Each structure stands twice: as C-alpha cells, then as structure tokens.
Amino acid sequence: MKKQTLVSGLRASSEPHIGNYLGAIRQFLKYQELHDCNFFIADLHTLTTPFEPKELRKNALEVAADYIALGLDPKKSTLYLQSQVAEHAELAWIFNCITPLGELYRMTQFKDKTGSANKESVNAGLLNYPVLMAADILLYKAEIVPVGEDQVQHLELARVIAKKFNNQFGKTFPEPKALLESETARIMSLNDPEKKMSKTGGQGILINDSPAEIQRKLRKAVTATDATGKSKGVDNLFRLLREFGNKEQIQFFENAYQENTIKFSELKDILSEDIAHYFAPFREKRKELLNSPEYIAEALADGAEKARERARATMQEVKKKVGLL
Ligand code: TYM
C-alpha cells in the first residue's frame, strides 16, 4: 500500500471519552503502522469555548499522555501541540481570506454550539473553527483524516478551501478525505441517545474513569423505546458491547434481547466491567507517564520541531504563490 499523509487531532477541553476513542484515536493507532502520521493536540481550537488557562495547560499535557499511554508512538508518528507550530494560525489567516462567510454560517457544529445565543456576542473563533481545521490538515498536505462523523462537514469545507486556493493560486493542496470507522463514527450520549456523546455535560464515559465511575454512568443509561419499538439507547449499548465485550457476552445478550428476557441492569454491569478492564493498562501507563512530565514535554518538543520543518516548507510555497514576501 502506498504510504499516505494523515493528520488528525483532539481538543484539550477535557479528558477524551470512549466516543473519541472509538471514533478517532483507535484509528490513529492502527494507521501509525501504515502511514505518515501527524497527530496533534488542538489547543488553539480549545480557546473557542470557555476555558481556564491553568486547566488548558494541564489538559493539553494530559491529552499528550493519553495519546502515548494508548499506544501512540512518538517515534512512529509526529506528535505535537498545535500552538507550538505557529504556521497553523498563519495558514488559517490566509484561508480566512478566501472562505465565504456563508460557508461558515451553515456549519452544523457552529449552529449547535451557538444555538439561541445572540450571534453578535459569539466569538469569531467559533465561526472560524473549521478554517483553522483546514489549515491543520493542508499545512501537511494530508490526504486522509481519521475522524468521527461530526467532523465530516468540516472536512468537506477543507476540500472546498483546498479547491479554492488551488484555483486562485495554482495547484498546491490535495483534497483531503475523512476516514470513518463505520460502526463507531458516532457514539451516542448515555442519558440522551438522540445526541452524540460529547465532552461537555459530563455524560460521556471518560477513558480514564475509574471502574466505579464507569458503572455509575452506565447504570443511568437510558433504554427507553420509541413508538415504533426502537431504542437508540439500546442500540448504543449493544454497539459498545460489541466493541468491548467478548463473543459469549454479545451472543448471550443478543439472544436475550430477541427473546425479550434481557435485564438491562445486567448488561450495563457486564459492560462497565468490560470497559474498565479494557482501559486498565491504559490507566496505569497514563499514571506512570504523568509522573515523568519531562518525558512528555520532550516528546512534544521533538514533535513540534519535526512538524515545523514541514509546515515552514508549505508556508514558503503558499506565501510565494499568494504574493507575500
Ligand atoms: P474533539 O476533541 O472534539 O474530537 C476528537 C475526535 O473524536 C471524534 N468524536 C466522536 N467519535 C465518535 N462518537 C462520538 N460521540 C464522538 N465525539 C467526538 C471527533 O469526530 C474527532 O475526530 N475538530 C476536532 C479537532 C481537530 C481536528 C483538526 C481533527 C482540530 N483540527 C484537524 C482532524 C483534523 C474535534 O472535534 O476534536
């Protein structure tokens, strides 16, 4: 298989949840063996929603520890903080100047995040979020971007921006494609399965949650059915069981569901044990890593240096094409 360039990132707004893991991070681990991989912590994107400077710094380092503890190898992939490679923001500015406002206003994430808020007071970073994302990707001329389903629209916009730039200034960027895990691109919230599991609201199972915390959250998971007898909550629990459970458990609960003898309390407790067990080695490794923050800082500094080298080359080309000296 031809080696391709791949870019993706996580925000540093909180500890990742199992949706982030199943939709995105697990793909990163798979692809680091096959492709030219660039994974970063999107700390600049984290500034678009309310944050505490102290927390931001702590979370960014913890997400780096998460990446490594989950198996991301800084020797195989380039691992860095977005804010430590200034070219991300520089390219985003140039992209801002070729992106129509209309494209940004129609982004679902922008609409969801601003909701009924008075648009006059919404920060401009939230609107320009996907432009910075396009810069994150195109700076490395990436062709593939492993993400969850909620980011697909942003990837479409990255392609629009690449095309626009190429048309206006000459062929420079590839048109990057989103790569989704078909079964797990959208893990739903436990207490509101109409919505995706998200970092806000505390309804997500965090990959670093203790076994007791996982159990507490799962016990509250909604399993109500709708008028047609379907239940998004139940579908979501089965999806998780298929990812974290063993064959016998899956078979047992699928049969019990068919036969209408299923006890959801039992399924939830088994599933909590499975999830806690799955992430146990990760939790240990993470704790160890956080005891040597200098190792993480060094890995990030090395990563930023590698990333900067490529980013600089792209920016030289871009500036020349645009007419900047
Ligand atoms: P973040 O941190 O919000 O999400 C990180 C990744 O997790 C995926 N994801 C999910 N997957 C399945 N089910 C869910 N419930 C779920 N919730 C989140 C997201 O789709 C994402 O892939 N905007 C990005 C960060 C970013 C980025 C980039 C990604 C900034 N620049 C450039 C790729 C390329 C984000 O949503 O982060």
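In the predicted model, the ligand is surrounded by 28 residues, the closest being Tyr129, Asp136, Asp150, Ile187 and Lys199; a residue counts as near if one of its heavy atoms lies within 4 Å. An N or O atom in the side chain of aspartate 136 is 2.6 Å from a nitrogen atom of the ligand, and a polar backbone atom of isoleucine 187 is 2.8 Å from a ligand nitrogen atom. An oxygen atom of the ligand lies 2.4 Å from a polar side-chain atom of aspartate 150.

Helix α11 (residues 247-258) packs on helix α12 (residues 264-278) at an angle of about 160°, with the axes 11 Å apart. The two helices are therefore roughly antiparallel, a term for angles over 145 degrees. Gln249, Phe252, Phe253 and Tyr257 of α11 make the contact with Phe264, Glu266, Leu267, Ile270 and Asp274 of α12, where contact means heavy atoms within 4.5 Å. These residues comprise six nonpolar, one polar and two charged.

Helix α12 also packs with helix α13 (residues 280-290), at an angle of about 40° and with the axes 4 Å apart. Ala276, His277 and Tyr278 of α12 meet Ala280, Pro281 and Arg283 of α13.

Residues are numbered from 1 along each chain as its sequence is written. In this predicted model, local features need pLDDT of at least 70, side-chain atom pairs count only at pLDDT 80 or more, and totals for chains, interfaces and linings use all residues, while side-chain values use heavy atoms, without hydrogens and water.

Methods:
Axes fitted to C-alpha atoms, helices over the stretch in contact; angles between N-to-C directions. Parallel < 35°, antiparallel > 145°, perpendicular 65-115°, else oblique. Nonpolar A, V, L, I, M, F, W, Y, C, P; charged D, E, K, R; others polar. Polar contact = N/O pair within 3.5 Å; in protein donor to acceptor, adjacent residues only side chain to side chain.
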